[in-house]
Amino acid sequence: FKPNEILLEMNNDLNDTNPSGTFITSIVGSYNLKTDIVELANAGHQPALLRKGDDYVEYPSSSTPLAIVKQKSSEAYKLERFKLDGGRIYCFTDGFSECLDENKQEIGINGVKKLINNHKNSSLKKELEDATEEIRLKSLKKDYIEKGMKENNAILDDDLTIIGIGK
């Protein structure tokens, strides 16, 4: 199944079973190691980011989140298809883009790009660990100052998940 077909099935099942007024954002994708092709579809989620060198391509959602309205066709979810071609693709929760900078402003998608660039590394695993740690440490400092908490008791304001694919 293609990612947009999977989203159609997920959406219609969730529309039937989810409590009214709830929704889910999602990116579904696949990467073929032999052909170097990425396919993805985005249902109301943060944009997937493709980085090649210092340049980024955003793959935003073209649909509502899942479970809001029943869909008739997988075409409701735009299927993106491209070669990774030495780049890296990043998908992340809003815990990344909504984390606060030094001025207590959300960093947004451009801030996520900057964060990834700050930790650019030949090891994708290290790159993601370091970017996540920077956000965690900012959260500790903010919580510690604002709430007078001990550092080991501070928590993030939101979930924090990022995945990357690439070499």
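Are Glu127 and Arg51 buried or exposed? Keep that pair in mind as we walk through this structure, which is a predicted model. Glu127 is buried, and Arg51 is buried too. Their side chains meet in a salt bridge, with N and O 3.3 Å apart. Glu127 belongs to helix α4 (residues 124–147) and Arg51 to strand β3, so this contact ties together parts of the chain that are 76 residues apart in sequence.

Let us follow strand β3 into its sheet. Four strands make up an open sheet, and reading across it you meet β4, β3, β6 and β7 in that order, with antiparallel pairing. At the edges sit β4 (55–59) and β7 (162–166), each of which pairs on one side only. From one strand to the next, the twist averages 20 degrees. Strand β3 spans residues 48–52, and its antiparallel pairing with β4 runs over five bridges. One detail to look for is Lys52, whose bridge partner in β4 is Asp55.

Lys52 has another contact worth a look. Its side chain forms a salt bridge with Asp85, where the closest N and O atoms are 3.9 Å apart. This pair also links distant parts of the chain, since Lys52 is in strand β3 while Asp85 is in the loop between β5 (80–83) and β6, 33 residues apart. What about the surroundings of the two partners? Lys52 has a relative accessible area of 34%, so it counts as partly exposed. Asp85 reaches 54% relative accessibility and therefore counts as exposed.

Elsewhere, salt bridges with shared partners join Lys2, Glu39 and Arg81 into one network. Across the whole structure, the search finds 10 salt bridges.

With the contacts in place, we can turn to the empty space. Rolling a probe the size of a water molecule over the atoms shows where such space is left. How many cavities of 30 Å³ or more does the model hold? The count comes to one, and the largest cavity has a volume of about 30 Å³. Its lining is made of Leu40, Ala41, Asn42, Tyr59, Pro60, Ser62, Lys78 and Glu80. Strand β2 (residues 37–43) gives the most to this lining, with three residues.

Which of them provides the largest share? That is β1, with six residues. The lining of the second largest pocket divides into 12 nonpolar and seven polar residues, with no charged ones. Two of the strands named here, β6 and β7, bring us back to the open sheet where the order β4-β3-β6-β7 was read.

Note on methods. Residues are numbered from 1 along each chain as its sequence is written. This is a predicted model: local features need pLDDT of at least 70, side-chain atom pairs count only at pLDDT 80 or more; totals for chains, interfaces and linings use all residues. Side-chain values use heavy atoms; hydrogens and water are left out. Two strands pair if DSSP finds at least two bridges between them. Axes are lines fitted to C-alpha atoms, for helices over the stretch in contact, and angles run from 0 to 180 degrees between N-to-C directions. On a 1 Å grid over the protein atoms alone, a cavity is a set of points where a 1.4 Å probe fits but cannot get out, and a pocket is an open set with protein on both sides within 12 Å along at least five of seven lines; lining residues have an atom within 4 Å of a point. Grid points are joined across faces, edges and corners, and a volume is the space filled by probe spheres set on the points. Ala, Val, Leu, Ile, Met, Phe, Trp, Tyr, Cys and Pro count as nonpolar, Asp, Glu, Lys and Arg as charged, and the others, Gly among them, as polar. A salt bridge is a side-chain nitrogen of Lys or Arg within 4 Å of a carboxyl oxygen of Asp or Glu. Buried means under 20% relative accessible area, exposed over 50%, partly exposed in between (1.4 Å probe, protein chains only).
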